[in-house]
Amino acid sequence: MLTEYNVEGGDFTRAGYASSQIKKTLKNLNISPEIIKRVVVALYEAEVNIVAHAFKGVISADISNSGIKLVLEDEGPGIPDIDMAMTKGYSTASSRVREMGFGAGMGLPNIKDNADRFNIVSRVGEGTRVTIEIDFAG
Ligand SMILES: Nc1ncnc2c1ncn2[C@@H]1O[C@H](COP(=O)(O)OP(=O)(O)OP(=O)(O)O)[C@@H](O)[C@H]1O
Ligand SMILES: [Mg+2]
């Protein structure tokens, strides 16, 4: 089952929409609360990153019997140094983003912690693609 969501940069009122929809879907599929929590935390952080740091993006969620694969592809400034971006506490969040309560520099490390497989590729001046896979078993 494949679903797609569009994400608008800067639109904090809708940030979290995709993660709440996916949460409902996984509940209906009787996926365990522990797994659902990991998916929702990882997806929410990645979704907010598009809103906070990029211009726009598309989220695709592919749910199979064995797990979920999330691909978040955005058009935005890209990430010049991914190792640096992955460091806990590192953030380039604007003052506006910080006023919204974000910018602790914990999103990407959190996504990695919650994912079974995590990948990030980025081109400066073009955009970023984050892939998150979480298995339903174990
Ligand atoms: N989709 C993206 N496009 C461009 N830059 C990004 C993107 N996602 C993350 N970054 C860069 O990586 C940094 C670290 O991201 P991370 O999610 O860990 O922290 P944050 O978004 O700044 O704060 P927090 O997630 O704790 O609210 C960001 O400050 C930003 O510089
Ligand atoms: Mg973040």
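**Close-up views of the predicted chain**

View 1. Residues are numbered from 1 along each chain as its sequence is written, and side-chain values use heavy atoms, with hydrogens and water left out. On the charge side, there are 15 positive and 18 negative side chains, with the centres of the two sets 4 Å apart. Lys and Arg count as positive, Asp and Glu as negative, while His and the chain ends are not counted; each charge is placed at NZ of Lys, CZ of Arg, CG of Asp or CD of Glu.

**View 2. The nonpolar core.** Here's the largest nonpolar core, with 38 residues: buried Ala, Val, Leu, Ile, Met, Phe, Trp, Tyr and Cys joined through side-chain atoms within 4.5 Å. Buried means under 20% relative accessible area with a 1.4 Å probe, protein chains only. Helix H2 (33–53) is among the elements giving two or more residues to this core, and H2 supplies its largest share, eleven residues. Helices (H or I, at least four residues) are DSSP runs, numbered from the N terminus.

**View 3. Around Leu 26.** Leu 26 is one of the residues with the most contacts inside the core. Leaving aside neighbours within four places in sequence, Leu 26 touches Ile 31, Ile 36, Val 39, Ile 63 and Phe 136 (contact: heavy atoms within 4.5 Å).

Note on methods. Chains are lettered from A and ligands numbered from 1 in the order in which they are written. This is a predicted model: local features need pLDDT of at least 70, side-chain atom pairs count only at pLDDT 80 or more; totals for chains, interfaces and linings use all residues. Buried means under 20% relative accessible area, exposed over 50%, partly exposed in between (1.4 Å probe, protein chains only).
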